[in-house]
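Please read it alongside the sequence and the structure shown here.

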Amino acid sequence: MQLSDDKLKEILVSEDYVSQDDIKAAEKYAHEHGTNFLDYLFSSDALTADLLGQAVAEHLKVPYADLNSHIPPKEQVLLIPEATARQLRVVVFDQPKTGSILITSDNPTDINIKTDLQPLFADKKIELRYSLPEDIDDVFANYRKTLSTRFSKIIQEQQRVAPEIIDEIVADALLFNASDIHFEPQVDEVVIRFRVDGVLQEAGRLPKRYYDSMLNRIKVQARLRIDEHYAAQDGAIRFESASGDYVDMRVSVAPIIEGEKVVIRLLSQYVRNFTFNDLGLRQEDQDTLIKAMKKPHGMILVTGPTGSGKTTTLYSMIKILNRPEVNITTIEDPVEYKVDGINQIQVNEHTNLTFADGLRSVVRQDPDVILVGEIRDHETAEIAVNAALTGHLLLSTFHANDAATAVPRLLDMGIEPFLLASTLETILAQRLVRKICENCRISFPIDLVEISELIPGAKKFFPAKTTLYRGKGCDSCHHTGFNGRSAIYEFIDMTPEMQALILQHPSTQEIWKLARSQGSQTLFEDGVSKVRAGVTTITELARVAEPPE
């Protein structure tokens with residue numbers, strides 16, 4: 001049961017969870033940014049999903065069942081047949097030894113629930129609870145069979161094999177929040193792998209004889225040539241999911257020895273709703289970034305290797321800046337996330353629409369904010385700096401291992417030191433770490449000897465006796481111990497002293513020495529705070545960052 005926004009506002013105020021002023025501020029934010037009013041309440045810590053569930057439960061006069069902190073095991077969920085569960089929107093929440101059974105639903109006032117479920121639990125007293133609709137949907141994932149099983153069934157029926165298998169693969173990838181799908185042809189079969197939380201996992205295999213028809217279907221949908229088998233091709237597909245939502249997909253086809261490999265990047269809609277808290281930014285770093293974003297001109301750079309979440313961070317900024325009175329234009333290769341209210345330009349080498357040429361056109365489009373997907377060369381860098389100098393706020397990514405390296409690299413590209421010092425506002429470097437699954441997170445003691453064995457030189461960042469955390473593995477995280485990702489950051493703010501140093505054409509070491517003296521933390525140090533807070537593990541931190549010397 002999806003309650004209307006007006007009803008939710010009424011419940012939250014009447015049950016005293018938020019004030020009328022909170023609602024007015026949320027409505028204003030939602031109107032200005034084109035989002036839901038709950039986004040503001042969640043991001044400002046005025047409300048949590050838990051409290052929202054409790055408020056609705058109180059209004060419905062039933063207890064609240066939190067399916068995030070108490071995830072029912074699969075065998076318990078399957079006590080109710082899938083068709084019945086989906087029709088009534090019900091889940092077995094718990095089976096206490098008191099002769100009762102706890103059933104949770106997002107519509108516990110439905111009079112059919114007890115009537116229809118009583119035959120299944122004849123010797124039990126059914127007690128109803130309320131859970132949020134999205135949590136109910138997450139639990140319904142237990143009804144899905146493995147990919148391999150569904151491949152077999154579709155192939156046995158031999159009807160529309162290619163489209164059905166492709167739809168199943170994409171549906172599963174969305175279910176597991178995969179960022180990429182890999183189709184890897186081998187001698188006799190094709191291996192399907194998903195990249196989940198930055199790590200590739202095998203999802204299933206199918207006989208190779210079905211691959212040509214699947215490949216042709218993907219090519220047709222992505223507007224690629226089906227008669228080209230020896231050259232790399234790139235395209236895009238807009239996929240409609242079973243729920244009716246659209247998902248943009250970027251398709252890359254490349255010839256390998258055993259055929260043509262396909263990689264599909266899923267450009268998830270959820271990124272549009274990311275807040276700085278979701279990204280893992282500390283409050284002081286958020287304040288630094290928002291201060292730079294409020295300036296009418298200047299340049300904010302996000303650095304890091306491919307796949308470190310730079311674009312997601314940029315779009316989180318765009319979400320805050322996106323207001324009716326602000327003209328935002330982007331030039332990207334490719335356009336990763338389509339956002340209402342902003343003008344997005346796709347780089348196209350075939351029509352000579354490069355970053356540099358596109359950026360020249362963008363500057364003539366009277367923008368207030370410009371997002372450049374990547375500064376790759378001297379020409380793009382020069383135009384970007386001049387745009388930031390002439391009254392535009394410019395956001396971009398830059399390939400550099402850390403924040404301090406970005407300055408010498410831009411100077412080596414031929415950017416004049418006085419121009420760079422005048423335009424740069426903030427540089428941030430980032431990496432992604434997997435988050436410990438909150439459902440199965442456990443603590444364990446560790447000493448400095450063990451820490452030194454895991455990461456040489458890291459013991460000075462931890463107390464002598466430290467409590468750390470890891471995930472045991474459960475159904476919620478598919479027994480990996482991890483669920484989702486967070487970023488670790490390194491910030492350099494452009495203070496007057498830093499601007500003066502840039503005029504001297506400094507080295508990376510000189511830049512970082514000054515930034516350090518002004519309070520900047522390394523990627524590793526930001527990661528240590530997240531390890532000690534139980535956000536990620538020490539082995540994850542060791543995978544992406546090294547302790548400073």
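The model is predicted. Helix α11, made of residues 211-221, lies across β4, β5 (189-196), β6, β7, β8 (246-256) and β9, and it runs at about 50° to β9. These six strands form an open sheet with antiparallel pairing, in the order β6-β5-β4-β9-β8-β7.

**Pairing of β4**
- Strand β4 (residues 180-185) pairs with strand β9 (residues 259-267) in the antiparallel sense over four bridges, and within that pairing Ile 181 has Ile 264 of β9 as its bridge partner.
- β4 also pairs with β5 in the antiparallel sense, over six bridges, where the bridge partner of Phe 183 is Ile 192 in β5.
- The β4 and β5 strands form a hairpin, with three residues between them.

**Pairing of β5 with β6**
- β5 and β6 run antiparallel and are joined by eight bridges, with Glu 189 standing opposite Pro 207 in β6.
- These two strands form a hairpin with two residues between them, and Asp 197 in the turn has a positive phi of about 55°.

**Annotated segment**
- An unreviewed UniProt entry carries the annotation "domain: Bacterial type II secretion system protein E" for residues 363-377.
- In the model, the span of residues 363-377 is 7% helix and 27% strand, and its end C-alpha atoms lie 18 Å apart.

Terms used
Residues are numbered from 1 along each chain as its sequence is written. This is a predicted model: local features need pLDDT of at least 70, side-chain atom pairs count only at pLDDT 80 or more; totals for chains, interfaces and linings use all residues. Side-chain values use heavy atoms; hydrogens and water are left out. Two strands pair if DSSP finds at least two bridges between them. Contact means heavy atoms within 4.5 Å. Axes are lines fitted to C-alpha atoms, for helices over the stretch in contact, and angles run from 0 to 180 degrees between N-to-C directions. UniProt positions are given in the numbering used here, feature names are shortened, and annotations may be inferred rather than shown by experiment.
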